[in-house]
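Please keep the sequence and the structure in view while reading.

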Amino acid sequence: METTAINKNTTNKIKLDFKESNYATGRRKRSIARVWIKKGTGKIYVNGKDMNQYFKRPVHQLIVVMPLQETNAINKFDVKCHVKGGGLSGQAGAIIHGISRALVKSDSNLKKTLKKNKFTTRDSRKVERKKYGHKKARRSFQFSKR
């Protein structure tokens, strides 16, 4: 009986040639995404993996593709992203911001549609810090009069 060992830690990172591409940075919560786009067939790679492998949830996959769908450029550009920090939702938001900024760099006519859908605007909401004398950011300890 033969057994084959498969090493799960070994991932096949995809090497991509993005020499003639547009670069932009996107941010959301604690996440920072570095995004390169170039003319292509509509493939999206995140941290060296295919987007569907990186983002397992369909909601995140839909969020990432939204700027390309709104500009009807879904099959016109290849996208390569390096994202770090935060959780998956924040990373998806950072990628949207980076893709839309890179699209504006490649074609300034797309700025109107992207701005109308608020993709170029940085979402500055972050987690509020915990204050001393409180249980959480705003939640106080229970008060007992007697």
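## Aromatic rings

Both Y54 and F55 are buried, where buried means under 20% relative accessible area, exposed means over 50%, and partly exposed covers what lies in between (1.4 Å probe, protein chains only). This is a predicted model, in which local features need pLDDT of at least 70 and side-chain atom pairs count only at pLDDT 80 or more, while totals for chains, interfaces and linings use all residues. Residues are numbered from 1 along each chain as its sequence is written, and side-chain values use heavy atoms, with hydrogens and water left out.

A pair of aromatic rings is described by the distance of the centres and the angle of the planes. Rings of Phe, Tyr and Trp (its six-membered ring) are paired here if their centres lie within 6.5 Å, and planes under 30 degrees apart count as stacked, over 60 as edge-to-face and the rest as tilted. The count by this rule is two aromatic pairs. In one of them, Y23 and W36 have their ring centres 5.2 Å apart and their planes at 45°, which is a tilted arrangement. Because Y23 belongs to strand β1 (residues 22–28) and W36 to strand β2 (residues 31–39), this pair ties together parts that are 13 residues apart in sequence; helices (H or I, at least four residues) and strands (E, at least two) are DSSP runs, numbered from the N terminus. Y54 and F55 also form a pair, and since their ring centres are 5.0 Å apart with the planes at 90°, the pair is edge-to-face.

W36 is buried, at 19% relative accessible area, whereas Y23, at 33%, is partly exposed. K80 lies over the face of W36, at 4.8 Å from the ring centre; a charge sits over a ring if NZ of Lys or CZ of Arg is within 6 Å of the ring centre and within 35 degrees of the ring normal.

## Two residues of helix α2

Helix α2 (residues 58–70) contains L68, and H60 is found in helix α2 as well. L68 is buried, with a relative accessible area of 1%, and H60 is buried at 4%. Contact means heavy atoms within 4.5 Å. Not counting residues up to four places away in sequence, L68 touches I44, A73, I74, V79, I99 and L103, while H60, with that exclusion, touches F55, L88, S89 and A92. The C-alpha atoms of L68 and I99 are separated by 8.0 Å, although these residues are 31 apart along the chain.

## Charged pairs

A salt bridge is a side-chain nitrogen of Lys or Arg within 4 Å of a carboxyl oxygen of Asp or Glu, and by this rule the count comes to four salt bridges.

| Pair | Closest N to O distance |
|---|---|
| D123 and R28 | 3.5 Å |
| E128 and R138 | 3.1 Å |

E128 and R138 both lie in the segment after α4, so their pair ties together parts that are 10 residues apart in sequence. R138 is exposed, with 66% relative accessibility, whereas E128 is partly exposed at 38% and K131 is partly exposed at 28%. As for D123, its relative accessible area of 25% makes the residue partly exposed, while R28 is buried at 15%.
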